[in-house]
Amino acid sequence: MPEYNKLNSEIAGKLCAVVGERRFQLGDQVKPDYSHDEMPIYGKFMPEAVCLPETTEEVAQIMRICIENKIPVTVRGTGTGLVGGCVPVHGGIVLSTEKMNKIISYDMNNMVVHIQPGVLLCDLAADALAHGLMYPPDPGEKTATVGGNVSTNAGGMRAVKYGVTRDYVLAMTVVLPSGEVMKLGKTVCKTSSGYSLLHLMVGSEGTLGIITELTLKLIPKPIKDVSLILPFKDIATAIASVPAIKLANLDPQSIEFMERDIVDSSAAFTGNAVFPTVVNGKEAGAYILVTLVGDSEAELTMKMDRLGEVAEQVGAYDVLVVWTDSLKKDVWAARSAFLTVIEAETKLLDEMDVVVPVDRIAEFLVYTHDEAVKQGVYVRSFGHAGDGNLHIYCCSNDLEEDEFKRRVKALMDKCYAKCTEFEGQVSGEHSIGHAKKEYLRQSVGDTAYSLMGAIKNVFDPDGILNPGKVCHDI
Ligand SMILES: Cc1cc2nc3c(=O)[nH]c(=O)nc-3n(C[C@H](O)[C@H](O)[C@H](O)COP(=O)(O)OP(=O)(O)OC[C@H]3O[C@@H](n4cnc5c(N)ncnc54)[C@H](O)[C@@H]3O)c2cc1C
(Lines give C-alpha, C1' and ligand atoms only; values in the text may rest on other atoms or scores of the structure.)
Protein backbone atom coordinates (compact mmCIF):
# COMPACT_ATOMS: atom_id res chain seq x y z
CA MET A 1 0.00 0.00 0.00
CA PRO A 2 1.64 3.26 -1.09
CA GLU A 3 1.91 5.95 1.55
CA TYR A 4 0.88 9.35 0.35
CA ASN A 5 1.64 12.71 1.90
CA LYS A 6 -0.68 15.65 2.35
CA LEU A 7 0.06 18.90 0.59
CA ASN A 8 1.84 21.27 3.00
CA SER A 9 2.42 24.96 2.40
CA GLU A 10 5.96 24.38 1.14
CA ILE A 11 4.89 21.88 -1.55
CA ALA A 12 1.88 24.03 -2.44
CA GLY A 13 4.24 26.99 -2.86
CA LYS A 14 6.46 25.02 -5.24
CA LEU A 15 3.47 23.92 -7.36
CA CYS A 16 2.11 27.46 -7.44
CA ALA A 17 5.50 28.72 -8.61
CA VAL A 18 5.33 26.39 -11.64
CA VAL A 19 1.96 27.56 -12.98
CA GLY A 20 1.48 30.93 -11.32
CA GLU A 21 -1.28 32.03 -8.96
CA ARG A 22 -3.94 32.42 -11.66
CA ARG A 23 -3.59 28.77 -12.64
CA PHE A 24 -3.42 27.31 -9.15
CA GLN A 25 -6.28 26.65 -6.71
CA LEU A 26 -5.62 25.56 -3.14
CA GLY A 27 -7.91 24.37 -0.33
CA ASP A 28 -11.08 26.45 -0.17
CA GLN A 29 -10.33 28.00 -3.58
CA VAL A 30 -10.81 24.64 -5.30
CA LYS A 31 -14.04 24.65 -7.30
CA PRO A 32 -16.43 21.82 -6.24
CA ASP A 33 -16.75 20.63 -9.87
CA TYR A 34 -13.28 19.10 -9.58
CA SER A 35 -14.60 16.61 -7.02
CA HIS A 36 -16.67 14.54 -9.47
CA ASP A 37 -17.35 13.68 -13.07
CA GLU A 38 -20.72 13.17 -14.83
CA MET A 39 -21.56 10.21 -12.59
CA PRO A 40 -21.53 11.65 -9.04
CA ILE A 41 -23.15 8.48 -7.67
CA TYR A 42 -19.60 7.05 -7.55
CA GLY A 43 -18.67 9.60 -4.89
CA LYS A 44 -17.29 13.12 -4.60
CA PHE A 45 -13.65 13.60 -3.62
CA MET A 46 -12.22 17.10 -3.28
CA PRO A 47 -8.59 17.52 -4.39
CA GLU A 48 -6.24 19.40 -2.07
CA ALA A 49 -5.19 21.62 -4.98
CA VAL A 50 -5.74 22.04 -8.71
CA CYS A 51 -2.95 22.90 -11.17
CA LEU A 52 -3.72 24.19 -14.66
CA PRO A 53 -0.49 23.88 -16.66
CA GLU A 54 -0.13 25.18 -20.21
CA THR A 55 2.93 23.29 -21.44
CA THR A 56 4.63 19.89 -21.34
CA GLU A 57 7.48 21.39 -19.33
CA GLU A 58 5.08 22.66 -16.64
CA VAL A 59 3.48 19.21 -16.42
CA ALA A 60 6.95 17.65 -16.06
CA GLN A 61 7.88 20.07 -13.26
CA ILE A 62 4.62 19.34 -11.42
CA MET A 63 5.26 15.59 -11.65
CA ARG A 64 8.83 15.98 -10.33
CA ILE A 65 7.54 17.87 -7.28
CA CYS A 66 4.75 15.35 -6.70
CA ILE A 67 6.90 12.24 -7.03
CA GLU A 68 9.54 13.66 -4.71
CA ASN A 69 6.87 14.37 -2.09
CA LYS A 70 4.58 11.37 -2.73
CA ILE A 71 1.56 13.47 -3.63
CA PRO A 72 -1.09 11.69 -5.77
CA VAL A 73 -1.86 13.30 -9.14
CA THR A 74 -5.14 12.80 -11.00
CA VAL A 75 -5.36 14.14 -14.53
CA ARG A 76 -8.61 15.72 -15.66
CA GLY A 77 -9.89 16.86 -19.06
CA THR A 78 -13.36 18.39 -18.79
CA GLY A 79 -14.72 15.77 -16.38
CA THR A 80 -17.38 14.37 -18.73
CA GLY A 81 -16.33 10.80 -17.90
CA LEU A 82 -18.88 8.32 -16.57
CA VAL A 83 -16.81 6.02 -14.33
CA GLY A 84 -15.16 8.39 -11.83
CA GLY A 85 -11.88 8.24 -13.79
CA CYS A 86 -10.78 11.84 -13.23
CA VAL A 87 -11.82 11.95 -9.56
CA PRO A 88 -9.03 12.08 -6.93
CA VAL A 89 -10.22 9.22 -4.73
CA HIS A 90 -6.96 9.19 -2.76
CA GLY A 91 -6.58 12.96 -2.46
CA GLY A 92 -3.60 14.94 -3.74
CA ILE A 93 -3.84 17.28 -6.69
CA VAL A 94 -5.93 17.40 -9.82
CA LEU A 95 -3.93 18.33 -12.90
CA SER A 96 -6.40 19.83 -15.34
CA THR A 97 -5.53 20.05 -19.04
CA GLU A 98 -8.18 22.68 -19.75
CA LYS A 99 -5.56 25.39 -20.49
CA MET A 100 -3.61 23.07 -22.83
CA ASN A 101 -6.15 23.73 -25.55
CA LYS A 102 -4.21 24.73 -28.66
CA ILE A 103 -4.50 23.22 -32.11
CA ILE A 104 -0.81 23.53 -32.92
CA SER A 105 -0.55 22.72 -36.64
CA TYR A 106 -1.84 20.74 -39.61
CA ASP A 107 0.35 18.68 -41.91
CA MET A 108 -1.87 18.54 -45.00
CA ASN A 109 0.45 16.27 -47.01
CA ASN A 110 0.35 13.60 -44.33
CA MET A 111 -3.22 14.45 -43.30
CA VAL A 112 -2.45 14.85 -39.61
CA VAL A 113 -3.14 17.43 -36.95
CA HIS A 114 -0.92 18.20 -33.99
CA ILE A 115 -2.75 19.36 -30.85
CA GLN A 116 -2.55 19.82 -27.11
CA PRO A 117 -4.69 17.36 -25.12
CA GLY A 118 -7.15 19.90 -23.72
CA VAL A 119 -8.59 20.80 -27.14
CA LEU A 120 -12.32 20.11 -27.06
CA LEU A 121 -13.68 17.47 -29.42
CA CYS A 122 -16.19 19.97 -30.89
CA ASP A 123 -13.38 22.47 -31.62
CA LEU A 124 -11.18 19.88 -33.31
CA ALA A 125 -14.09 18.51 -35.36
CA ALA A 126 -15.09 21.99 -36.59
CA ASP A 127 -11.52 23.09 -37.29
CA ALA A 128 -10.72 19.92 -39.24
CA LEU A 129 -13.84 20.43 -41.39
CA ALA A 130 -12.75 24.00 -42.07
CA HIS A 131 -9.52 22.49 -43.44
CA GLY A 132 -11.54 20.14 -45.71
CA LEU A 133 -10.77 17.16 -43.48
CA MET A 134 -12.65 15.07 -40.95
CA TYR A 135 -11.66 13.78 -37.53
CA PRO A 136 -13.78 10.59 -37.58
CA PRO A 137 -14.27 9.70 -33.87
CA ASP A 138 -17.61 11.14 -32.77
CA PRO A 139 -18.43 10.42 -29.10
CA GLY A 140 -21.72 11.92 -27.92
CA GLU A 141 -20.25 14.49 -25.52
CA LYS A 142 -18.66 17.12 -27.74
CA THR A 143 -17.26 19.18 -24.85
CA ALA A 144 -14.96 16.34 -23.77
CA THR A 145 -11.26 16.95 -24.37
CA VAL A 146 -9.48 14.99 -27.06
CA GLY A 147 -6.91 13.97 -24.41
CA GLY A 148 -9.78 12.52 -22.36
CA ASN A 149 -11.06 10.75 -25.48
CA VAL A 150 -7.63 9.22 -26.10
CA SER A 151 -7.20 8.25 -22.44
CA THR A 152 -10.56 6.44 -22.46
CA ASN A 153 -10.32 5.22 -26.06
CA ALA A 154 -13.67 6.87 -26.67
CA GLY A 155 -15.90 5.37 -29.34
CA GLY A 156 -19.09 7.10 -30.41
CA MET A 157 -21.58 7.12 -33.26
CA ARG A 158 -19.22 6.64 -36.20
CA ALA A 159 -17.20 3.70 -34.81
CA VAL A 160 -19.07 1.17 -36.95
CA LYS A 161 -17.47 2.62 -40.10
CA TYR A 162 -14.33 4.42 -38.98
CA GLY A 163 -13.24 2.68 -35.79
CA VAL A 164 -12.52 4.32 -32.43
CA THR A 165 -10.21 7.01 -31.09
CA ARG A 166 -7.28 4.55 -30.89
CA ASP A 167 -7.33 4.19 -34.68
CA TYR A 168 -6.53 7.90 -35.15
CA VAL A 169 -3.63 8.31 -32.70
CA LEU A 170 -0.30 8.32 -34.53
CA ALA A 171 1.99 9.86 -31.93
CA MET A 172 1.99 11.56 -28.56
CA THR A 173 4.16 13.27 -25.97
CA VAL A 174 3.80 11.80 -22.51
CA VAL A 175 5.07 12.90 -19.11
CA LEU A 176 5.84 9.86 -16.98
CA PRO A 177 5.19 9.81 -13.22
CA SER A 178 8.93 10.49 -12.72
CA GLY A 179 8.60 13.74 -14.70
CA GLU A 180 10.54 12.32 -17.65
CA VAL A 181 9.19 13.42 -21.04
CA MET A 182 8.78 10.69 -23.64
CA LYS A 183 7.69 10.77 -27.29
CA LEU A 184 5.78 7.77 -28.58
CA GLY A 185 4.85 6.93 -32.17
CA LYS A 186 5.63 8.75 -35.42
CA THR A 187 3.72 10.26 -38.35
CA VAL A 188 3.80 7.01 -40.27
CA CYS A 189 1.01 4.80 -41.60
CA LYS A 190 2.28 1.52 -40.20
CA THR A 191 4.77 0.15 -37.72
CA SER A 192 6.01 -3.19 -36.57
CA SER A 193 8.63 -1.94 -34.17
CA GLY A 194 8.49 -3.61 -30.79
CA TYR A 195 5.78 -3.39 -28.16
CA SER A 196 3.41 -0.52 -28.90
CA LEU A 197 3.74 1.75 -25.88
CA LEU A 198 1.68 4.26 -27.85
CA HIS A 199 -1.29 1.90 -27.88
CA LEU A 200 -0.73 0.97 -24.25
CA MET A 201 -1.14 4.64 -23.39
CA VAL A 202 -4.43 4.89 -25.34
CA GLY A 203 -7.22 3.91 -22.95
CA SER A 204 -4.91 3.90 -19.90
CA GLU A 205 -7.10 6.49 -18.11
CA GLY A 206 -4.30 8.64 -16.78
CA THR A 207 -2.75 5.79 -14.80
CA LEU A 208 0.52 5.38 -16.74
CA GLY A 209 1.46 8.87 -17.92
CA ILE A 210 0.08 12.29 -18.75
CA ILE A 211 -0.53 12.95 -22.44
CA THR A 212 0.64 16.48 -23.25
CA GLU A 213 0.61 16.50 -27.07
CA LEU A 214 -1.09 14.41 -29.74
CA THR A 215 -0.63 13.77 -33.45
CA LEU A 216 -3.90 12.54 -34.94
CA LYS A 217 -4.81 11.08 -38.28
CA LEU A 218 -7.50 12.85 -40.34
CA ILE A 219 -9.39 11.76 -43.47
CA PRO A 220 -10.92 13.70 -46.38
CA LYS A 221 -14.40 14.75 -45.35
CA PRO A 222 -17.18 12.69 -46.96
CA ILE A 223 -18.88 14.51 -49.81
CA LYS A 224 -22.48 13.51 -49.12
CA ASP A 225 -24.36 11.88 -46.27
CA VAL A 226 -27.92 11.11 -45.40
CA SER A 227 -29.59 9.84 -42.22
CA LEU A 228 -32.58 7.52 -42.20
CA ILE A 229 -34.96 6.51 -39.41
CA LEU A 230 -36.33 2.96 -39.38
CA PRO A 231 -39.22 2.53 -36.91
CA PHE A 232 -39.94 -0.98 -35.60
CA LYS A 233 -42.54 -2.73 -33.47
CA ASP A 234 -40.16 -3.30 -30.59
CA ILE A 235 -36.51 -3.44 -29.58
CA ALA A 236 -36.09 -7.11 -30.50
CA THR A 237 -37.17 -6.61 -34.12
CA ALA A 238 -35.16 -3.38 -34.35
CA ILE A 239 -31.95 -5.05 -33.19
CA ALA A 240 -32.57 -8.13 -35.34
CA SER A 241 -32.28 -5.86 -38.40
CA VAL A 242 -28.69 -4.86 -37.69
CA PRO A 243 -26.83 -7.88 -39.13
CA ALA A 244 -28.89 -7.60 -42.33
CA ILE A 245 -28.08 -3.88 -42.64
CA LYS A 246 -24.39 -4.61 -42.13
CA LEU A 247 -24.38 -7.51 -44.59
CA ALA A 248 -25.97 -5.36 -47.32
CA ASN A 249 -22.56 -3.80 -48.05
CA LEU A 250 -23.73 -0.24 -47.43
CA ASP A 251 -20.79 0.61 -45.18
CA PRO A 252 -22.97 2.81 -42.91
CA GLN A 253 -21.31 5.54 -40.89
CA SER A 254 -23.56 4.84 -37.94
CA ILE A 255 -26.28 2.45 -36.83
CA GLU A 256 -27.84 3.61 -33.55
CA PHE A 257 -30.76 2.14 -31.65
CA MET A 258 -33.18 3.79 -29.29
CA GLU A 259 -36.27 2.68 -27.41
CA ARG A 260 -39.55 4.56 -27.70
CA ASP A 261 -39.70 5.86 -24.13
CA ILE A 262 -36.39 7.71 -24.45
CA VAL A 263 -37.52 9.19 -27.76
CA ASP A 264 -40.72 10.46 -26.08
CA SER A 265 -38.74 11.94 -23.20
CA SER A 266 -36.34 13.59 -25.59
CA ALA A 267 -39.22 15.14 -27.56
CA ALA A 268 -40.72 16.51 -24.34
CA PHE A 269 -37.33 17.81 -23.17
CA THR A 270 -36.25 19.49 -26.42
CA GLY A 271 -39.79 20.43 -27.52
CA ASN A 272 -38.90 18.91 -30.88
CA ALA A 273 -40.55 15.59 -31.82
CA VAL A 274 -38.21 14.47 -34.59
CA PHE A 275 -38.86 10.72 -34.38
CA PRO A 276 -42.35 9.74 -35.61
CA THR A 277 -44.35 7.75 -33.06
CA VAL A 278 -47.11 6.39 -35.30
CA VAL A 279 -46.03 5.14 -38.72
CA ASN A 280 -48.51 3.86 -41.29
CA GLY A 281 -51.04 3.51 -38.49
CA LYS A 282 -48.70 1.48 -36.28
CA GLU A 283 -47.16 2.51 -32.94
CA ALA A 284 -43.36 2.43 -33.09
CA GLY A 285 -41.72 0.75 -30.09
CA ALA A 286 -38.07 1.21 -31.11
CA TYR A 287 -35.93 2.80 -33.82
CA ILE A 288 -32.78 2.28 -35.80
CA LEU A 289 -31.06 5.45 -37.00
CA VAL A 290 -28.68 4.91 -39.91
CA THR A 291 -26.29 7.33 -41.62
CA LEU A 292 -25.00 6.53 -45.10
CA VAL A 293 -22.16 8.37 -46.81
CA GLY A 294 -21.12 8.56 -50.45
CA ASP A 295 -19.27 10.55 -53.08
CA SER A 296 -22.32 11.46 -55.15
CA GLU A 297 -26.09 11.75 -55.12
CA ALA A 298 -26.25 8.64 -57.33
CA GLU A 299 -24.21 6.56 -54.88
CA LEU A 300 -26.38 7.67 -51.95
CA THR A 301 -29.57 6.92 -53.90
CA MET A 302 -28.31 3.43 -54.73
CA LYS A 303 -27.47 2.82 -51.03
CA MET A 304 -30.84 4.19 -49.87
CA ASP A 305 -32.68 1.93 -52.31
CA ARG A 306 -30.80 -1.08 -51.03
CA LEU A 307 -31.49 -0.09 -47.41
CA GLY A 308 -35.18 0.20 -48.34
CA GLU A 309 -35.17 -3.39 -49.62
CA VAL A 310 -33.45 -4.64 -46.45
CA ALA A 311 -35.84 -2.66 -44.24
CA GLU A 312 -38.83 -4.31 -45.87
CA GLN A 313 -37.32 -7.77 -45.39
CA VAL A 314 -36.61 -7.18 -41.69
CA GLY A 315 -40.02 -5.74 -40.84
CA ALA A 316 -39.33 -2.02 -40.46
CA TYR A 317 -42.55 0.01 -40.57
CA ASP A 318 -40.98 2.45 -43.03
CA VAL A 319 -37.74 4.16 -44.01
CA LEU A 320 -37.95 7.86 -43.24
CA VAL A 321 -35.32 9.92 -44.98
CA VAL A 322 -33.98 12.87 -42.99
CA TRP A 323 -33.71 15.16 -46.01
CA THR A 324 -32.94 18.63 -44.81
CA ASP A 325 -29.81 19.80 -43.00
CA SER A 326 -31.88 21.37 -40.23
CA LEU A 327 -33.87 18.18 -39.63
CA LYS A 328 -30.64 16.16 -39.65
CA LYS A 329 -29.20 18.52 -37.06
CA ASP A 330 -32.32 18.13 -34.90
CA VAL A 331 -32.35 14.33 -35.17
CA TRP A 332 -28.72 14.01 -34.13
CA ALA A 333 -29.10 16.67 -31.44
CA ALA A 334 -31.99 14.60 -30.04
CA ARG A 335 -29.79 11.48 -30.14
CA SER A 336 -26.90 13.29 -28.42
CA ALA A 337 -29.25 14.62 -25.72
CA PHE A 338 -30.46 11.22 -24.52
CA LEU A 339 -28.22 11.06 -21.45
CA THR A 340 -29.01 14.66 -20.53
CA VAL A 341 -32.70 13.85 -20.85
CA ILE A 342 -32.37 10.82 -18.57
CA GLU A 343 -30.38 12.87 -16.05
CA ALA A 344 -33.06 15.57 -16.05
CA GLU A 345 -35.83 13.05 -15.29
CA THR A 346 -34.00 10.89 -12.77
CA LYS A 347 -33.07 11.34 -9.12
CA LEU A 348 -30.68 8.38 -8.87
CA LEU A 349 -28.72 7.05 -11.81
CA ASP A 350 -26.07 4.44 -12.54
CA GLU A 351 -24.97 3.02 -15.85
CA MET A 352 -23.57 0.06 -17.75
CA ASP A 353 -21.63 0.50 -20.97
CA VAL A 354 -21.24 -3.14 -21.97
CA VAL A 355 -20.37 -4.32 -25.43
CA VAL A 356 -21.68 -7.68 -26.67
CA PRO A 357 -21.65 -9.45 -30.03
CA VAL A 358 -24.20 -7.68 -32.24
CA ASP A 359 -26.47 -10.73 -32.45
CA ARG A 360 -26.78 -10.88 -28.61
CA ILE A 361 -27.88 -7.25 -28.10
CA ALA A 362 -31.62 -7.92 -27.96
CA GLU A 363 -31.23 -10.94 -25.68
CA PHE A 364 -29.03 -8.92 -23.34
CA LEU A 365 -31.50 -6.03 -23.21
CA VAL A 366 -34.44 -8.35 -22.47
CA TYR A 367 -32.41 -10.03 -19.70
CA THR A 368 -31.53 -6.64 -18.19
CA HIS A 369 -35.11 -5.38 -18.28
CA ASP A 370 -36.35 -8.59 -16.58
CA GLU A 371 -33.71 -8.45 -13.86
CA ALA A 372 -34.36 -4.74 -13.27
CA VAL A 373 -38.04 -5.43 -12.66
CA LYS A 374 -37.05 -8.01 -10.02
CA GLN A 375 -34.85 -5.39 -8.31
CA GLY A 376 -37.51 -2.64 -8.42
CA VAL A 377 -35.44 -0.22 -10.49
CA TYR A 378 -36.16 0.76 -14.08
CA VAL A 379 -33.73 0.80 -16.98
CA ARG A 380 -33.54 3.00 -20.04
CA SER A 381 -31.28 2.15 -22.91
CA PHE A 382 -29.91 3.37 -26.21
CA GLY A 383 -26.62 2.88 -27.95
CA HIS A 384 -24.49 1.90 -30.86
CA ALA A 385 -26.34 -1.04 -32.42
CA GLY A 386 -23.79 -1.32 -35.21
CA ASP A 387 -20.99 -2.29 -32.86
CA GLY A 388 -22.91 -3.93 -29.98
CA ASN A 389 -22.20 -1.16 -27.47
CA LEU A 390 -25.14 -0.58 -25.14
CA HIS A 391 -25.70 2.31 -22.75
CA ILE A 392 -28.02 1.01 -20.07
CA TYR A 393 -29.10 3.43 -17.36
CA CYS A 394 -30.44 2.07 -14.08
CA CYS A 395 -32.79 4.66 -12.59
CA SER A 396 -34.97 5.38 -9.58
CA ASN A 397 -36.94 8.36 -8.38
CA ASP A 398 -38.33 6.65 -5.26
CA LEU A 399 -35.58 4.75 -3.48
CA GLU A 400 -33.16 6.06 -0.86
CA GLU A 401 -29.59 6.22 -2.18
CA ASP A 402 -28.20 3.33 -0.11
CA GLU A 403 -31.07 1.06 -1.07
CA PHE A 404 -30.74 2.08 -4.72
CA LYS A 405 -27.03 1.25 -4.68
CA ARG A 406 -27.68 -2.13 -3.08
CA ARG A 407 -30.29 -3.07 -5.66
CA VAL A 408 -28.28 -1.77 -8.60
CA LYS A 409 -25.26 -3.76 -7.42
CA ALA A 410 -27.38 -6.93 -7.36
CA LEU A 411 -28.66 -6.10 -10.85
CA MET A 412 -25.22 -5.28 -12.24
CA ASP A 413 -23.62 -8.41 -10.74
CA LYS A 414 -26.05 -10.46 -12.81
CA CYS A 415 -25.83 -8.35 -15.96
CA TYR A 416 -22.02 -8.24 -16.05
CA ALA A 417 -21.94 -12.02 -15.49
CA LYS A 418 -24.37 -12.41 -18.40
CA CYS A 419 -22.20 -10.10 -20.50
CA THR A 420 -19.16 -12.33 -19.82
CA GLU A 421 -21.24 -15.40 -20.68
CA PHE A 422 -22.13 -13.73 -24.00
CA GLU A 423 -18.40 -13.13 -24.68
CA GLY A 424 -18.86 -9.39 -24.19
CA GLN A 425 -16.69 -6.79 -22.44
CA VAL A 426 -17.34 -4.65 -19.36
CA SER A 427 -16.92 -1.37 -21.20
CA GLY A 428 -17.26 -0.56 -24.87
CA GLU A 429 -16.08 3.03 -24.52
CA HIS A 430 -16.62 4.65 -21.12
CA SER A 431 -13.73 2.79 -19.44
CA ILE A 432 -13.22 1.41 -15.94
CA GLY A 433 -12.23 4.27 -13.60
CA HIS A 434 -12.83 3.19 -10.03
CA ALA A 435 -16.48 2.30 -10.60
CA LYS A 436 -16.05 -0.81 -12.74
CA LYS A 437 -12.82 -2.31 -11.35
CA GLU A 438 -14.48 -5.28 -9.71
CA TYR A 439 -16.26 -6.19 -12.93
CA LEU A 440 -13.06 -5.80 -14.96
CA ARG A 441 -11.30 -8.33 -12.74
CA GLN A 442 -14.18 -10.81 -12.98
CA SER A 443 -14.40 -10.38 -16.73
CA VAL A 444 -10.73 -10.63 -17.74
CA GLY A 445 -9.68 -13.08 -15.00
CA ASP A 446 -6.97 -12.95 -12.36
CA THR A 447 -4.01 -13.51 -14.69
CA ALA A 448 -4.85 -10.68 -17.07
CA TYR A 449 -5.80 -8.39 -14.16
CA SER A 450 -2.46 -9.06 -12.42
CA LEU A 451 -0.55 -8.43 -15.67
CA MET A 452 -2.30 -5.06 -15.96
CA GLY A 453 -1.33 -4.32 -12.36
CA ALA A 454 2.29 -5.29 -13.11
CA ILE A 455 2.37 -2.92 -16.10
CA LYS A 456 1.03 -0.11 -13.90
CA ASN A 457 3.79 -0.88 -11.42
CA VAL A 458 6.52 -0.62 -14.08
CA PHE A 459 5.34 2.82 -15.20
CA ASP A 460 4.41 4.10 -11.76
CA PRO A 461 6.12 2.12 -8.95
CA ASP A 462 5.12 4.75 -6.37
CA GLY A 463 1.48 4.56 -7.44
CA ILE A 464 1.03 8.33 -7.50
CA LEU A 465 -0.68 8.67 -10.87
CA ASN A 466 -4.48 8.35 -10.63
CA PRO A 467 -4.27 5.85 -7.77
CA GLY A 468 -7.01 3.29 -7.24
CA LYS A 469 -8.15 3.22 -10.85
CA VAL A 470 -8.55 0.51 -13.51
CA CYS A 471 -6.36 -2.28 -12.04
CA HIS A 472 -4.55 -0.43 -9.24
CA ASP A 473 -5.54 -2.04 -5.94
CA ILE A 474 -4.60 -0.15 -2.79
C1 LIG B 1 -23.74 13.20 -22.44
C2 LIG B 1 -22.52 12.32 -22.55
C3 LIG B 1 -22.34 11.55 -23.69
C4 LIG B 1 -21.22 10.74 -23.82
N5 LIG B 1 -21.06 10.01 -24.96
C6 LIG B 1 -19.97 9.25 -25.12
C7 LIG B 1 -19.79 8.47 -26.31
O8 LIG B 1 -20.63 8.47 -27.22
N9 LIG B 1 -18.68 7.73 -26.40
C10 LIG B 1 -17.73 7.69 -25.41
O11 LIG B 1 -16.73 7.00 -25.56
N12 LIG B 1 -17.87 8.42 -24.27
C13 LIG B 1 -18.95 9.19 -24.11
N14 LIG B 1 -19.12 9.91 -22.95
C15 LIG B 1 -18.11 9.82 -21.87
C16 LIG B 1 -17.01 10.91 -21.89
O17 LIG B 1 -17.39 12.04 -22.63
C18 LIG B 1 -15.72 10.31 -22.42
O19 LIG B 1 -15.25 9.31 -21.54
C20 LIG B 1 -14.60 11.33 -22.65
O21 LIG B 1 -13.56 10.67 -23.35
C22 LIG B 1 -14.03 11.95 -21.38
O23 LIG B 1 -13.26 13.08 -21.73
P24 LIG B 1 -12.96 14.23 -20.64
O25 LIG B 1 -12.12 15.28 -21.25
O26 LIG B 1 -14.21 14.67 -20.04
O27 LIG B 1 -12.09 13.37 -19.61
P28 LIG B 1 -12.24 13.26 -18.03
O29 LIG B 1 -13.58 12.77 -17.66
O30 LIG B 1 -11.77 14.52 -17.42
O31 LIG B 1 -11.16 12.11 -17.76
C32 LIG B 1 -11.39 10.80 -18.23
C33 LIG B 1 -10.14 9.94 -17.97
O34 LIG B 1 -9.07 10.35 -18.82
C35 LIG B 1 -7.92 10.71 -18.05
N36 LIG B 1 -7.28 11.81 -18.77
C37 LIG B 1 -7.87 12.94 -19.24
N38 LIG B 1 -6.97 13.69 -19.90
C39 LIG B 1 -5.78 13.02 -19.84
C40 LIG B 1 -4.47 13.29 -20.33
N41 LIG B 1 -4.18 14.39 -21.03
N42 LIG B 1 -3.49 12.38 -20.08
C43 LIG B 1 -3.76 11.24 -19.38
N44 LIG B 1 -4.98 10.96 -18.89
C45 LIG B 1 -5.97 11.83 -19.12
C46 LIG B 1 -8.46 11.04 -16.67
O47 LIG B 1 -7.47 10.85 -15.67
C48 LIG B 1 -9.61 10.05 -16.55
O49 LIG B 1 -9.13 8.79 -16.14
C50 LIG B 1 -20.25 10.71 -22.78
C51 LIG B 1 -20.43 11.48 -21.64
C52 LIG B 1 -21.55 12.27 -21.50
C53 LIG B 1 -21.71 13.11 -20.26
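Author: What follows is a chat about the labels used for this predicted model.

Reader: Start with the overall form. What makes the radius of gyration of the chain agree with a compact globule?

Author: For 474 residues, a compact globule would have a radius of gyration near 23 Å, and the chain has 23 Å, so the two agree. Along the principal axes, the C-alpha atoms fill a box of roughly 70 × 55 × 45 Å. As for burial, 49% of the 474 residues count as buried.

Reader: And how much of the contact count comes from residues 24 or more positions apart?

Author: Among contacts with a separation of 6 or more, 73% are between residues 24 or more positions apart.

Reader: Which domains is the chain divided into?

Author: Domain 1 covers 9–97, domain 2 covers 103–220, domain 3 covers 224–331 and domain 4 covers 346–432. The centres of domain 1 and domain 3 are 43 Å apart, taken over C-alpha atoms.

Reader: How do you know that the ligand lies between domain 1 and domain 2?

Author: Both domain 1 (9–97) and domain 2 (103–220) give residues to the shell around the ligand, so the ligand lies between them. There are 37 residues around the ligand, and the ones that come nearest are Gly77, Gly81, Gly85, Gly148 and Gly206. Strand 3 (73–76), helix 4 (146–152), strand 10 (210–217) and helix 12 (338–345) are the elements that give two or more residues to that shell. Helix 4 gives the most, with 5 residues.

Reader: What is the make-up of that shell by class?

Author: It has 21 polar, 10 nonpolar and 6 charged residues.

Reader: Now single residues. Why is leucine 349 called buried?

Author: The cut-off is 20 or more other C-beta atoms within 10 Å. Leucine 349 has 21 C-beta neighbours inside 10 Å, so it counts as buried. This leucine sits in strand 18 (residues 348–352). Leaving aside neighbours within four places in sequence, leucine 349 is in contact with Ile41, Ile342, Glu343, Tyr393 and Cys395. From leucine 349 to valine 379, 30 residues apart in sequence, the C-alpha to C-alpha distance is 9.5 Å.

Reader: What makes alanine 311 buried?

Author: Alanine 311 has 23 other C-beta atoms within 10 Å, and therefore it is buried. You'll find alanine 311 in helix 10 (residues 297–313). Not counting residues up to four places away in sequence, alanine 311 touches Leu230, Ala316 and Val319. Alanine 311 and valine 242 are 69 residues apart along the chain, with 9.9 Å between their C-alpha atoms.

Reader: Are they buried, partly exposed or exposed, and why?

Author: Lysine 70 has 16 other C-beta atoms within 10 Å, so it is partly exposed. Glutamate 205 has 24 within 10 Å, so it is buried. Lysine 70 is in the loop between helix 2 (56–69) and strand 3, while glutamate 205 is in the loop between helix 6 (197–201) and strand 10.

Reader: On to strands. Why is strand 12 described as largely enclosed?

Author: Of its 9 residues (224–232), 7 are buried, so strand 12 is largely enclosed by the rest of the structure.

Reader: What makes strand 12 and strand 16 a pair?

Author: Pairing takes at least two bridges. Strand 12 and strand 16 (residues 286–294) run antiparallel and are joined by 9 bridges, so by that rule they pair. Strand 12 also has 3 bridges to strand 17 (residues 320–322), again antiparallel. Isoleucine 229 stands opposite leucine 289 in strand 16 and opposite leucine 320 in strand 17.

Reader: And which way do strand 8 and strand 9 pair?

Author: Strand 8 (residues 169–175) and strand 9 (residues 181–185) pair in the antiparallel sense, over 5 bridges. Valine 174 stands opposite methionine 182 in strand 9. Their hairpin has 5 residues between the strands, and in it glycine 179 takes a positive phi near 100 degrees.

Key:
Residues are numbered from 1 along each chain as its sequence is written. This is a predicted model: local features need pLDDT of at least 70, side-chain atom pairs count only at pLDDT 80 or more; totals for chains, interfaces and linings use all residues. A residue is near a molecule or strand if its C-beta atom, placed from the backbone, lies within 6 Å of it. Helices (H or I, at least four residues) and strands (E, at least two) are DSSP runs, numbered from the N terminus. Ala, Val, Leu, Ile, Met, Phe, Trp, Tyr, Cys and Pro count as nonpolar, Asp, Glu, Lys and Arg as charged, and the others, Gly among them, as polar. Domain bounds come from an automatic or database domain assignment. The radius of gyration is taken over C-alpha atoms; the globule rule is 2.2 Å times the number of residues to the power 0.38. A residue is buried if 20 or more other C-beta atoms lie within 10 Å of its own, exposed if 12 or fewer, and partly exposed in between; C-beta atoms are placed from the backbone. Two residues are in contact if their C-beta atoms, placed from the backbone, lie within 7 Å.
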